[in-house]
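Here is a short report for a reader new to this structure. Keep the sequence and the model in view while reading.

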Amino acid sequence: MTAQTPRTLSKSQVLASRQCQRRLWLEVNHPELRDLDNAMLQRLREGRRLEAITHELYPGGVLIDRNTPLQEALQKTAIHLQQTPRTPLFEATFSAHQVLVRADVITQTHGERILTEIKSSTRVKPYHLIDCAIQHWVIDAAGHPVSRVLLAHIDRRFNYRGDDYAGLLRHADVTEPVAALLPQVPRWVEAGLDTLGNSTEPAISVGPHCTDPLACPFRRHCEPHGTDYPLSLLPGGGRIITQLRAEGIDDIRDIPEGRLHKALHLRVRAATISGNPFVGTAIGDALQASPYPRYYLDFETIQSAVPRWPDTHPYEQLPFQWSCHIEPAEGELEHAQFLDSSGESPMRACAQSLLDALGTAGPVFTYSPFEKTVIHRLAARFPDLAPRMDSLAERLYDLLPLIRAHYYHPAMKGSYSIKAVLPTIATELSHEALGEVHDGVGAQIAYEELIEPATCMARKASLADALRRYCALDTLAMVRIVRFFAPSPSAPG
Ligand code: SF4
C-alpha cells in the first residue's frame, strides 16, 4: 500500500515517532492493527474523568470542544488569547510547522502566558517533558510565546473530603527542563514527517523500546510470526531476549543449550522443547498438610486518579467485591460472595461480610500477596475491626510462590497468572469463556458502570452477574489447583 503523507502531525504522533518510527507509520497507515486492551481503555476513561475535574479547578475557564472543526478551534483560540487572555482556556488549539497541538490549559497572569499540561500520573516523568516541549515549540511558532510551563500531576497525599477537589493536583514548574528540549523538537518533527513519506512499513524489530515510555498497541502485529513460542514469553527476559534476537533467534525452542542461566528460563525452555509440564515433587506434600476448613479468597478492587468516596486518596485500591470458595471438610465445597452495587463507599460492608463468612480458623488460600495488602488496609481503615482483620491476615496462604517454584506447563506461555495456569490443570474451565468481564481491569470498568445511576436495571443485573462469575472463577480455580496437586480420595479433581 502507499502511505499518504499527512499535512499535519498531531502531538501524539510526534510522541509515537519518538518511541518508534514503525509505530507512527502503523498509526497513520494501519490503525486497525492496534490492540486496545482494558488497561489502555481504562487509562483513557481516567483521563476524561480528570479532565472534567480539572475544569472545575479553573473557575470561569472556557472550553474549546474537541469536536469543534479545526479551523474554527484555531480561530477561537486566537480570538480568546487576544481579547480575554486572563480567562483560562481549555483545549487551546495551535498549529505551526505541520504540527497540531491542543493544550490542556492556557492561562495568563502578570503578562506571563502559562501552559499547563495535566497528567494523571503521580510525578513528572521524562516523556511528560517531551510532550510539553512539543506543545511549547508549536505555540511559540504560532505567535503566542509561552513564558512558563507547568506540569499538573496527581498528589497522592490528597484526602478527598467529599466536597471539592482543590489540592488534587500538584503544579510542578518544568519551564527550564522543557526549554532545554526545545532545540530537539524540529528534528523529532522532521523524522516523523520523513517516516510518513515512506510507502513501506519501517523494518524495526520488537525490543525494549516497545514498552518505553508506554506499552505500544502494535505489539501483536510486530511480534515475529510463525512461532507459538516467541522469546518474549521468557519471564523477565530483558537483556537475554535482546541478545538472542540479535543472533537471529526468535523461538524459545531454538535457544542453544547453555545460553540461559536463570532457573525459571531453563525450566521454560525445557518444558517448551519437550512439550511436557514440569511438576516439582514437593508441591503435593506442602498442600496436603493444610487442614480443613479451607478457604479460597479473591478480592476485586477499584483504583482511581480522582477519589470517589470521602476519606479516600488517589489511586487507593478499594475493595468492592470478594468471592470465597470454602471446603468445610474433605470432599465438600461451598461458595460465599459479596458485591456492593449501591454506589456508596463499599469498604465497610466488604470488611464486615468477609469476617462473618471466613470464621476464625483454617487456611485462607490466595493467588497473590494482594489480598493480604487489602486486608491490612481494611484493618487500618476500621480500627474496631482491626484485631479480627489482623487474625485473618495471619491465616493467608499464597499459592503463587509455590506454583512458581514447582510447576510450569508449556501452554502457560511464560505466564503464572491464574488465567494461564487454570486451563492446564482443568481443561473445561477458562476465563476466556466468561465474556464481558474476564480480567481485573475489566472488573473495575464493569463496576463503574454498575454503580452509575444512569445505568438501567437490566444492564446492572447483567454486569453484576458478569462480576460474580468472574470473581467466583478465580476462587474455584484455586480449589482446582490445590486438588490437582494434592488430590484426596473423596474430593473430585
Ligand atoms: S511494537 Fe515495538 S517495533 Fe512494533 S511499532 Fe510498537 S514500538 Fe515499534
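K372 counts as partly exposed because 16 C-beta neighbours lie inside 10 Å. The cut-offs are these: a residue is buried with 20 or more other C-beta atoms within 10 Å of its own, exposed with 12 or fewer, and partly exposed in between, with C-beta atoms placed from the backbone. Residues are numbered from 1 along each chain as its sequence is written. The model is predicted: local features need pLDDT of at least 70, side-chain atom pairs count only at pLDDT 80 or more, and totals for chains, interfaces and linings use all residues.

**Around K372**

K372 sits in helix α13. Helices (H or I, at least four residues) and strands (E, at least two) are DSSP runs, numbered from the N terminus. Leaving aside residues up to four places away in sequence, K372 touches A393 and L396. Contact requires that the C-beta atoms of two residues, placed from the backbone, lie within 7 Å. L150 is 222 residues from K372 in sequence, and their C-alpha atoms are 38 Å apart in space.

**The helix pair**

How do α13 and α14 cross? Their axes come within 8 Å and cross at roughly 165°, with α14 covering residues 386–394. That makes α13 roughly antiparallel to α14. Axes are lines fitted to C-alpha atoms, for helices over the stretch in contact, and angles run from 0 to 180 degrees between N-to-C directions. Angles under 35 degrees count as roughly parallel, over 145 as roughly antiparallel, 65 to 115 as roughly perpendicular and the rest as oblique.

On the α13 side, the contact involves K372, I375, H376, L378 and A379. They meet A386, M389, D390, L392 and A393 in α14. By class, this contact has 7 nonpolar, 1 polar and 2 charged residues. Here Ala, Val, Leu, Ile, Met, Phe, Trp, Tyr, Cys and Pro count as nonpolar, Asp, Glu, Lys and Arg as charged, and the others, Gly among them, as polar.

**The sheet**

An open sheet of 5 strands has the order β11-β10-β9-β12-β13, with mixed pairing. Its edge strands, β11 (334–339) and β13 (396–398), each pair on one side only. Direction ignored, neighbouring strands of this sheet are turned by 25° against each other on average. Two strands pair if DSSP finds at least two bridges between them. Strand β10 (residues 318–327) runs antiparallel to β11, and 6 bridges join them. W322 has F338 in β11 as its bridge partner.

Helix α13 (residues 370–381) lies across β9, β10, β12 and β13, at about 70° to β9.

**Backbone details in loops**

| Cis peptide bond | Omega |
|---|---|
| D212 to P213 | near 10° |
| Y292 to P293 | about 0° |

P213 lies in the loop between α7 (185–197) and α8 (219–222). P293 is in the loop between α11 (282–288) and β9.

Q98 has phi near 65° and is placed in the loop between β3 (89–96) and β4 (99–109). Q98 is partly exposed, with 15 C-beta neighbours inside 10 Å. Y315 has phi of about 60°, in the loop between β9 and β10. Y315 is partly exposed because 16 other C-beta atoms lie within 10 Å.
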